[in-house]
Amino acid sequence: MSKCSKCDADITFMSVLNSPNPLRLKCSNCKEGIKIHGVTGGVAVATIFALIGLILYGFYGIEGYWLKVVLPVIVVSEVVYFLLIKLGIVKVSIS
Ligand SMILES: [Zn+2]
């Protein structure tokens with residue numbers, strides 16, 4: 001399940017948002033490192049990055065690019081990644 005292996009707290013959206021490395025999260029409750037399963041996490045991150053790249057390339061140069069395209073795309077991809085973890089599609093490694 002997508003819970004912290006140490007304190008059993010649910011992984012929160014903030015711990016996904018605050019992590020510079022999508023494969024290495026930090027529990028927002030006990031600050032323990034949460035390792036994302038390499039294969040499912042890697043596939044998810046690669047797919048999300050590919051989609052981000054396509055969208056950013058496709059809309060490049062339109063008016064208000066950063067605010068209307070880049071920002072929403074980043075927020076949506078963080079939410080999608082979080083949902084993938086929540087739903088158990090992206091798995092959490094038990095240390
Ligand atoms: Zn924890």
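Two residues are in contact here if their C-beta atoms, placed from the backbone, lie within 7 Å.

**View 1. The whole chain, a predicted model.** Contacts between residues 24 or more positions apart make up 49% of those with a separation of 6 or more. Going along the sequence, the pattern reads α-β-β-α-α, which comes to 3 helices and 2 strands. Along the principal axes, the C-alpha atoms fill a box of roughly 45 × 25 × 20 Å. Of the protein's 95 residues, 17% count as buried.

**View 2. Around Ser-15, in helix H1.** Helix H1 covers residues 13-17, and Ser-15 sits within that stretch. Ser-15 counts as buried because 20 other C-beta atoms lie within 10 Å of its own, and 20 or more is the cut-off. Setting aside residues up to four places away in sequence, Ser-15 touches Leu-25, Lys-26, Cys-27 and Ser-28. Have a look at Asn-29 too: Ser-15 and Asn-29 are 14 residues apart in sequence, with 9.3 Å from C-alpha to C-alpha.

**View 3. The largest nonpolar core.** As a bit of background, nonpolar side chains tend to be buried together in soluble globular proteins.

**View 4. Zooming in on Tyr-81 and its contacts.** Once neighbours within four places in sequence are left out, Tyr-81 is in contact with Val-16, Pro-22, Ala-44 and Ile-48.

Methods:
Residues are numbered from 1 along each chain as its sequence is written. This is a predicted model: local features need pLDDT of at least 70, side-chain atom pairs count only at pLDDT 80 or more; totals for chains, interfaces and linings use all residues. Helices (H or I, at least four residues) and strands (E, at least two) are DSSP runs, numbered from the N terminus. A residue is buried if 20 or more other C-beta atoms lie within 10 Å of its own, exposed if 12 or fewer, and partly exposed in between; C-beta atoms are placed from the backbone. A nonpolar core is a set of buried Ala, Val, Leu, Ile, Met, Phe, Trp, Tyr and Cys residues joined through C-beta atoms within 7 Å.
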